[in-house]
Amino acid sequence: MFSAEIFGQRLRCARKACGEKQEELGLILGVGKSQVSEMERGTASTTLERFSLICEHYNVSADYLLGLTDEPKPYKRRKKGSFGKGAVSEAD
C-alpha cells in the first residue's frame, strides 16, 4: 500500500545520497524548493511525469519509491514485446 511518508523518506535519502539540495531537485523537476520539501514531508504529491523523472534521475524503481519493495534498483528492462511465457500478443 502506498505511503506518502515512505515516499518522502526515500526521496530525501536518494537526493542526499547524490549530494543534491532541494533547490537542485526542484530545478530538475520544474518546481520550487517548497514543493520538494512538501513531497519529502509527505504533505504533497507530484505528477506521474515528475515521478517518472525522479525514478530516472536517481536510477531507482517506482516500486521502491512507493514503498512496495525494499529493492531500490529498477528491474532489468525486457525486450519490447516480451511479456513472458503465455503472454497474449496484440494480434490475439
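Buried residues are those under 20% relative accessible area. The model examined here is predicted. By that cut-off, the buried residues of helix H3, which spans residues 33-41, are Val-36, Ser-37, Met-39 and Glu-40. These residues cover an arc of only 160 degrees around the axis, so they fall on the same side of H3. Their cover includes H1 and H2. After H3 comes Gly-42, with a positive phi near 80 degrees.

Salt bridges were examined next. The structure holds four of them. One joins Arg-15 and Glu-40, with the closest N and O atoms 2.6 Å apart. Arg-15 has 7% relative accessibility and counts as buried, because the cut-off is 20%. Glu-40, at 3%, is also buried. The side chains of Arg-15 and Glu-40 are also joined by a polar contact of 2.6 Å.

Arg-15 sits in helix H1, residues 4-17. Beyond its neighbours within four places in sequence, Arg-15 is in contact with Glu-20, Lys-21, Gln-22, Leu-25, Glu-40 and Tyr-58.

A further salt bridge pairs Asp-70 with Arg-10, the closest N and O atoms being 2.7 Å apart. Asp-70 lies in the segment after H5 and Arg-10 in helix H1, so the pair ties together parts 60 residues apart in sequence. Asp-70 is exposed, at 63% relative accessibility. Arg-10 is buried, with a relative accessible area of 14%.

Lys-33 and Glu-23 also meet through their side chains in a salt bridge, at 3.7 Å from N to O. Here Lys-33 of helix H3 is linked to Glu-23 of helix H2, 10 residues apart. Lys-33 is partly exposed at 44% relative accessibility. Glu-23 is partly exposed at 38%.

Cys-18 occupies the loop between H1 and helix H2, residues 22-29. Its relative accessible area is 47%, which makes Cys-18 partly exposed. Cys-18 and Tyr-58 are 40 residues apart in sequence, yet their C-alpha atoms are 7.9 Å apart in space. Asn-59 lies in the loop between helix H4 (48-58) and helix H5 (62-65). Asn-59 has phi near 50 degrees, a positive value in a residue other than glycine. At 41% relative accessibility, Asn-59 is partly exposed.

Methods
Residues numbered from 1 in each chain as written. Predicted model: local features only at pLDDT ≥ 70, side-chain atom pairs only at ≥ 80, totals over all residues. Heavy atoms only, no water. Helix = DSSP H or I, 4+ residues; strand = E, 2+ residues; numbered from the N terminus. Polar contact = N/O pair within 3.5 Å; in protein donor to acceptor, adjacent residues only side chain to side chain. Contact = heavy atoms within 4.5 Å. Buried < 20%, exposed > 50% of the residue type's maximum accessible area, 1.4 Å probe, protein only. Arc of directions from axis to C-beta. Salt bridge = Lys/Arg side-chain N within 4 Å of Asp/Glu carboxyl O.
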